[in-house]
Amino acid sequence: MARSSGYRTRNREMMLEYLKENRERTVYASDIRQHMIAQGANVNITTIYRFLDKLQEEHKVLKYASEKGESTGFQYIDEETGCEDHLHVKCACCGRVVHLNCGFMDEIKEHLKHHHNFELQCSGSSLFGLCETCREKEKNHS
């Protein structure tokens, strides 16, 4: 039994480290699994999802609702990031996520509330587009 407990702890540490290293982009359970396999660890996808759900409950990852036919994405967040209070922009090409935690977002939330009677729920919400790097790559390939 003791070996099993240590094994799970090591896998969790590896998964958490992967999430931290990739905090600027959305990752998927399949990405984590591929990383784990490359590191010589054998972990099933259900275990990864359970761990991600636990991290979400602890407000350590942000869960992005899956689009039709796509997997659910996750992003590691620091406690001070406060992702519940702001939107995110996500590059549709590379998956990079930028936190829009600036005063402008407060103006948008207030505008929606007072002029449209709509209260914005920011947690897990993203606007999609192309980051500067991907736009440059696209421009250079044209």
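Strand β1 and strand β3 (residues 73–76) run antiparallel and are joined by two bridges. The structure described here is a predicted model. Within this pairing, Tyr-28 has Gly-73 of β3 as its opposite residue. Both strands belong to an open sheet of three strands, in which the order is β1-β3-β2 and the pairing is antiparallel.

Along the sequence, the elements follow the pattern α-β-α-α-β-β-β-β-α-β-α. Of the 142 residues in the protein, 30% are buried. Among contacts between residues at least 6 apart in sequence, 53% join residues at least 24 apart.

Helix α3 also takes part in a contact between helices. Helix α2 (residues 29–38) packs against helix α3 (residues 45–57) at an angle of about 120 degrees, and the two axes lie 10 Å apart. Angles of 65 to 115 degrees count as roughly perpendicular and those over 145 as roughly antiparallel; α2 and α3 are therefore oblique to each other. The crossing in which α2 passes α3 is right-handed. On the α2 side, the residues that meet α3 are Ala-29, Ser-30, Ile-32 and Arg-33. Their counterparts in α3 are Ile-45, Ile-48, Tyr-49 and Leu-52. By residue type, the contact of α2 with α3 divides into six nonpolar residues, one polar and one charged.

A further open sheet is formed by three strands in the order β5-β4-β6, with mixed pairing. In this sheet, β5 and β6 (126–129) stand at the edges; because each has a single partner strand, one side of each is left without a neighbour in the sheet. From one strand to the next, the twist averages 25 degrees. In general, the strands of a sheet pair through backbone hydrogen bonds, and the pairing may be either parallel or antiparallel. Strand β4 (residues 87–91) and β5 run antiparallel and are joined by four bridges. Opposite positions in this pairing include Lys-90 with Val-97 of β5, and His-88 with His-99 of β5. The hairpin of β4 and β5 has five residues between the strands. In this hairpin, Gly-95 takes a positive phi near 85 degrees.

The relative accessibility of Val-98 is 29%; a residue counts as buried under 20% and as exposed over 50%, so Val-98 is classed as partly exposed. When neighbours within four places in sequence are left aside, Val-98 is in contact with Leu-87, His-88 and Val-89. Along the chain, Val-98 and Leu-87 are 11 residues apart, and their C-alpha atoms are separated by 8.8 Å.

Technical notes:
Residues are numbered from 1 along each chain as its sequence is written. This is a predicted model: local features need pLDDT of at least 70, side-chain atom pairs count only at pLDDT 80 or more; totals for chains, interfaces and linings use all residues. Side-chain values use heavy atoms; hydrogens and water are left out. Axes are lines fitted to C-alpha atoms, for helices over the stretch in contact, and angles run from 0 to 180 degrees between N-to-C directions. Angles under 35 degrees count as roughly parallel, over 145 as roughly antiparallel, 65 to 115 as roughly perpendicular and the rest as oblique. A crossing is left-handed if the near helix is turned anticlockwise from the far one by less than a right angle, and right-handed if clockwise. Contact means heavy atoms within 4.5 Å. Ala, Val, Leu, Ile, Met, Phe, Trp, Tyr, Cys and Pro count as nonpolar, Asp, Glu, Lys and Arg as charged, and the others, Gly among them, as polar. Two strands pair if DSSP finds at least two bridges between them. Buried means under 20% relative accessible area, exposed over 50%, partly exposed in between (1.4 Å probe, protein chains only).
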